[in-house]
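Biologist: Could you walk me through the helix packing and the aromatic contacts in this one?
Modeller: Gladly, let us take the helices and then the rings.

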Amino acid sequence: MTAALSTRVNAFDGTQLAVHRMAPETGGGRPVVLLHGLFSNADMNWIRFGHAQKLVDAGFEAIMPDLRAHGMSGAAHDPASYPEDVLARDVHTLVEALELEDYDLVGFSLGARTSARAVISGLEPRRLVLSGMGLEGLSGWNNRAAFFIDAIDRFDEVKRGDPAFMAVSFMKTMKVDRVAARLLLQSVADTSSDELAKLAMPTMVLCGDKDNDNGSATRLTEVLPDARYVEIPGTHMSSVTEGALGDALVDFLT
């Protein structure tokens, strides 16, 4: 397995963003920026289950940041570090710092939402992948964020059977900084239909067959200018463990 090399990029507020990179042994490789989901990190979403390795074997370089307040990246407690669309702003910073000009952009769940916002605000990847995401996860994100903010606020009282139980359990597993995560969730806003029209590059909407957490993936495909829908096995949580996810990324990006 190819080893991931980790570096850091400074964001606008001084927060250090950890960036993990895997490239073919021969060097080079077409850059693919991969953004993980909420409460997760680059290792959990992209490295642990072999998706990044499949991309490397196909000749790509996998560039995998830990989003702010996640993984090895900084988790500031200052509200000033979380302006609106801060994650999209961080992706712009990453692309500029690494001097990426011709690259692809992939996101899962919150990472998909961040990818969409980054394109809406000016990034121009060759191809785009929105995974674990449906139309309502973009157009109705405020409701989704409110669910997770409630889970954070009731963290110590949530028991099995509570709708927030899985979210709280995952936060515990990932040792999430809840103060930073709450501030981050408040920085994310809805995406309008007019904004979605800006996602004009070839796009794959990739979703588990039992994943409805972020709404309808097929409806999202229908409203995008140039999108195809690809279904893999799994729920929102389990689809990232499926080898089919990495296979679909290679097929679409190659």
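**Helix packing and aromatic rings**

Modeller: In this predicted model, the axes of helix 3 (residues 86–97) and helix 4 (residues 110–120) come within 8 Å and cross at roughly 70°.

Biologist: How are helix 3 and helix 4 oriented to each other, then?
Modeller: They are roughly perpendicular, because angles of 65 to 115 degrees are classed that way, and the crossing of helix 3 past helix 4 is right-handed.

Biologist: Switching topic, how many aromatic pairs does the structure hold?
Modeller: There are 2 aromatic pairs. Phe39 and Phe148 form an edge-to-face pair, with 5.6 Å centre to centre and 90° between the planes.

Biologist: And where do Phe39 and Phe148 sit in the chain?
Modeller: Phe39 lies in the loop between strand 3 (30–35) and helix 1 (42–47), whereas Phe148 belongs to helix 6 (residues 141–153), so that the pair links distant parts of the chain, 109 residues apart.

Biologist: What about the rings of Phe147 and Phe148?
Modeller: Their centres are 5.2 Å apart and their planes stand at 80°, so this pair is edge-to-face. Phe39, Phe147 and Phe148 form one aromatic cluster.

Biologist: Is Phe39 buried or exposed?
Modeller: Phe39 counts as buried at 2% relative accessibility, as does Phe148 at 10%, and Phe147 is partly exposed with a relative accessible area of 28%.

Notes: Residues numbered from 1 in each chain as written. Predicted model: local features only at pLDDT ≥ 70, side-chain atom pairs only at ≥ 80, totals over all residues. Heavy atoms only, no water. Axes fitted to C-alpha atoms, helices over the stretch in contact; angles between N-to-C directions. Helix = DSSP H or I, 4+ residues; strand = E, 2+ residues; numbered from the N terminus. Parallel < 35°, antiparallel > 145°, perpendicular 65-115°, else oblique. Left-handed = near helix turned anticlockwise from the far one by under 90°. Phe/Tyr/Trp six-rings, centres within 6.5 Å; stacked < 30°, edge-to-face > 60°. Buried < 20%, exposed > 50% of the residue type's maximum accessible area, 1.4 Å probe, protein only.
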